Amino acid sequence: MSGVRAGYVRPLDIRHGRVDLSHGAGGRAMAQLVEQLFAAAFANEWLAQRNDQALLPRPEGRIVMSTDCHVVSPLFFPGGDIGCLSVHGTINDVAMSGAQPLWLAAGFILEEGFPLADLQRIVDSMARAARDAGVPIVTGDTKVVEKGKGDGVFITTTGVGVVPAGVAISGDRARPGDRIVLSGTIGDHGMAVMSERESLAFGTDLVSDTAPLHGLVAAMVEAVPGLRALRDPTRGGLATTLNEIASQSAVGMTIDEAAVPVERQVEAACEFLGLDPLYVANEGKLVAIVPAADADRLLEVMRAHPLGRRAALIGEVTEDAHHFVQMRTRFGGKRIVDWLAGDQLPRIC
Amino acid sequence: MKYIDEFRDGELALGIAAAIAAEADPRRSYNLMEFCGGHTHAISRYGVTDLLPPAVRMIHGPGCPVCVLPIGRIDLAIRLALDQGVIVASYGDCLRVPASDNLSLLKAKARGGDVRMVYSPADALKIAAANPEREVVFLAIGFETTTPPTALVIKEAARAEVTNFSVLCNHVLTPAAITNILESPEVRRLGTLPLDGFIGPAHVSTVIGSRPYEFFAEEYAKPVVIAGFEPLDVMQAILMLVRQINDGRAEVENEFTRAVTRDGNLKAQALVSDVFELRRSFEWRGLGMVPYSALRIREAYGAFDAERRFRLETRSVADNKACECGAILRGVKHPRDCKVFGTVCTPESPIGSCMVSSEGACAAYYSYGRFREIPIVAGAPA
C-alpha cells in the first residue's frame, strides 16, 4: 500500500535549512516558504485572502504612499535588525506627512544560501514591529537571486496612509522665523550599526533608536495642526535633512550646536572615528518646523511622548538667498552645515 | 566628554580671543600657516577665524595626506586593480581622489576593480589572509603619523611569511615640505607669500617630536608653535605666535605638551627606519618634485614592496589646467581665488585633490566657511 499522503509537504527545516533557488521559482517550495514563514508570521485578514493583491476598503481622506528599500549591513545590530527597520522606516516616511499609516507591502530579495533561521528571525521581527505599530503587512513578494548576487536579504516596504483633514505638512512650507525642533538624540542608529561592522567593531552599549514615529506625529498634529514640515533624519543625518528642507522651502537655517542632543557614547565614537554626528543616520527621530508661536506647545506635547522625551528646540528658519544651514558652534564661531558629500569617511591624520 | 570638552570651551576661547585682539598690532599683519589639514579642519569646523582680529591671517598649508598625493601614484593603484586583478585596499578618503581618465579608485571599483576601504593597514593584511589566491596591495599614504602602522604591518607580513601582500608606499615627510615652502620663490624672492610663522603639526609631532622644527626657527627665522587639533589648541598657538612675532623671537614652542615631546616617539621612529629609507626625490601634488621628501621600502622588505613586485613605473601627470590646488597647497592662493571652486569643483565631483578630503583646504572652506564671502551658485543640489 502506498504511504503517500495527499497534499503533504514536509515542513521547512528552519533550523538548518537555507534559501535555495527553488524558493523563488514559483513552485511548491516557494508556496511553502510563503505559507510557513511569511503568512504565518504576518497573519492578517488581507493576507488570508490568498490573492496576488490585497483588497482594501477605501479610506477617508487624502492618501499618502511611500516606499523604502533596506540594505543594511550587518543585518542584525544592537537594538534592531533589517526586519523591524524596514517596517519602521516606511511607517515613518508615511507619518512625516502627518498621516496615519494604514497598510504595508513588503518585497524580499533573498540570496541563495541565506539561513532560514535568520530569515525567520527577520520576519518575526517585522511581524512584531508591524503588530506593535498597528500597521499590518497586507501583501508581499519574494525573489531569490544566485549566491554572490545579493547580500543575504534586501527588503523593500511600501506604506499607505491617510492625512487628517486640515493638515498640510510639506518640506516646502518652512518660513523665516519658524522654529526647528528635534525629537531627541542624534546618531544612535548609525553608530550602533557601525559598532558591529567587521572592520571596525568597537565595544559599546549603544543601541539603534529604530522606532515607529506615527504615534508621536499624531500627538503633535493634534496639538499643533499648523505644523509646517516634518522629516525623519535617516541617511545623511540631521545635516542633510535640514538642507533638504531649506532648499525645498528656499530659506536658510541657523542651529545651535549646544542645543542638539547627542548621547555621550555617540559623541565619543564619532570623535574616535573622526565622524560628525550631524551626518550620522537616525531611525527613530524627527525634525519639525513649526511657527514660533507654537514651538513651546509642540515641545510640551513631544516631551510627554516616550519617543520625544528629549525633544529640543535647536534653531530657527532664516531668510537666506543661498539656502545655507549655519550653526553657531559651541566654541563661539559660526560655520556652514553642508550637504553630505559621498559617504562620511574616517579621517586619516 | 572628558579631555575633549575642555579643549572646545567657548568661554575659554573668548578669553584667548580677547588676548589675541589685545596683543596683535593692528598696524601690521600676522600671516600664519597651519601646516596640517587637521588644523585646517578644526579652524573651519569650529569657526575659529570668527574669533580672530583682522590682523591675523591664516594660510592653509600642504599637510593634507590625500591632497598631496600626485595623480600618477593613484593611477598605479587603479591599473593594478583594473588590469592585474589585484585587490587594492586603502583609506576611505583616498578612494575619491580624481586621477587620470576621469577615474578614481571608487570609479575603478564601479568598473569591476576590487577596491576595498580599510580603516588600518592591518585590515589590508587580513584581506590578504582571507584571499590567499589573490594579490593584495595596500595603498599607503600619509605623513609621519600613518607611517609606523604601515611599517608594523610590513614587519608582520614578513614574520608571518605572507606571500600575497604588498604595499604601494607613498609616505611623505613633513619637514621636507616645510623647507620646500620656505625655499619657494613666492616666499624667498617674490615675497608674494608673506609667512610670519607656523602652527606646527599635532599628530605628526607626537611621532617625530619638536626637534626637527628647530632648524626652521633658526635657519629661516620663522617661529613655530606645535599645537593640538582642538580649537583651543589652535587659538592658544595663535596667541603664542603673535607674542613671538611681537617680541621678534623665532623659536619652536610646544603648545601640545600633553602629547608631544622634544624627541618624539623613539620606538615608532626605530620601527620606521627599520622598514623604510629615504627616496631621493618624490612628486607632491602642488609642490612638484621635492628632494628627500618621501620614504620607500628597504631592500630587506622588498618582497612587500608593490613597486618592485609589479615593476611599477610612476608617470608624472599634470593636474587639470583650471585647478589651483597646486598654488593652494603652497599657500599662494586661497580656495576662493580658484575659478572652478564651488562651480565645476565641489565635494560631490571634485576636480582637484583639495576638494576631496575634509582636511583639504577647498573642501573645508566649501563645507564650513563659504557663507562668508562666496556667492554660491543658485540651485546647486536640490
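This is a predicted model: local features need pLDDT of at least 70, side-chain atom pairs count only at pLDDT 80 or more; totals for chains, interfaces and linings use all residues.
Into which domains is chain B divided?

**Chain A, domains**

Where the two domains meet, 18 residues of domain 1 of chain A face 22 residues of domain 2 of chain A in the contact. On the domain 1 side, H2 and S4 of chain A each supply at least two residues. H2(A) gives the largest share of that side, seven residues. By class, the side of domain 1 of chain A that touches domain 2 of chain A holds 11 nonpolar and seven polar residues, and no charged ones.

**Chain A, four-stranded sheet**

Next, show the strands in the order S1-S6-S4-S5 of chain A. These four form an open sheet with mixed pairing. Strand S1 (62–70) and strand S5 (137–145) of chain A are the edge strands, each pairing on one side only. From one strand to the next the twist averages 15°.

Zoom in on S1(A) and strand S6 (residues 153–163) of chain A, which are antiparallel and joined over nine bridges. To find one position in this pairing, pick Thr67(A), whose bridge partner in S6(A) is Thr158(A).

**Chain A, seven-stranded sheet**

Move to the strands in the order S8-S10-S7-S11-S9-S12-S13 of chain A, an open sheet of seven with mixed pairing. What stands at the edges of this sheet? Strand S8 (229–231) and S13 of chain A do; each has a single partner strand, so one side of each is left without a neighbour in the sheet. Ignoring direction, neighbouring strands of this sheet are turned by 25° against each other on average.

Start from S8(A), which pairs with strand S10 (residues 287–290) of chain A in the antiparallel sense over three bridges. Within this pair, Leu230(A) has Ala288(A) as its bridge partner in S10(A).

**Between the chains**

Show both chains together. Their contact takes 27 residues from chain A and 43 residues from chain B. On the chain A side, helix H7 (264–273) and strand S13 (334–336) of chain A are the elements that give two or more residues. H7(A) provides the largest share, four residues. Sorted by class, the side of chain A that touches chain B has 11 nonpolar, eight polar and eight charged residues.

**Chain B, domains**

Back to the opening question. Chain B has domain 1 (5–63 + 177–254), domain 2 (71–174 + 264–309) and domain 3 (325–368). Colour domains 1 and 3 of chain B: their centres, taken over C-alpha atoms, are separated by 21 Å. In the contact between them, 16 residues of domain 1 of chain B meet 12 residues of domain 3 of chain B. Helix H2 (37–45) and strand S2 (56–63) of chain B are the elements that give two or more residues to the domain 1 side. Six residues, the largest share, come from H2(B). That side of domain 1 of chain B divides into five nonpolar, nine polar and two charged residues.

Select helix H5 (residues 121–130) of chain B. Its buried residues are Pro121(B), Ala124(B), Leu125(B) and Ala128(B). Because these residues cover an arc of only 100° around the axis, they lie on the same side of H5(B). An α-helix has 3.6 residues a turn, so residues three or four places apart point the same way. The buried residues of H5(B) pack against strand S3 (87–90), strand S5 (136–142), helix H6 (147–159) and S6 of chain B.

Finish in strand S6 (residues 165–171) of chain B, where His171(B) has its place. Is His171(B) buried or exposed? His171(B) is buried, because 25 other C-beta atoms lie within 10 Å, and 20 or more count as buried. Leaving out residues up to four places away in sequence, His171(B) touches Ala140(B), Gly142(B), Thr147(B), Thr150(B), Phe276(B), Ala294(B) and Leu295(B). Lastly, pick Glu144(B): 27 residues from His171(B) along the chain, with 7.4 Å between the two C-alpha atoms.

Key
Residues are numbered from 1 along each chain as its sequence is written. Chains are lettered from A and ligands numbered from 1 in the order in which they are written. Domain bounds come from an automatic or database domain assignment. Two residues are in contact if their C-beta atoms, placed from the backbone, lie within 7 Å. Ala, Val, Leu, Ile, Met, Phe, Trp, Tyr, Cys and Pro count as nonpolar, Asp, Glu, Lys and Arg as charged, and the others, Gly among them, as polar. Two strands pair if DSSP finds at least two bridges between them. Axes are lines fitted to C-alpha atoms, for helices over the stretch in contact, and angles run from 0 to 180 degrees between N-to-C directions. A residue is buried if 20 or more other C-beta atoms lie within 10 Å of its own, exposed if 12 or fewer, and partly exposed in between; C-beta atoms are placed from the backbone. The arc is that of the directions from the helix axis to the C-beta atoms.
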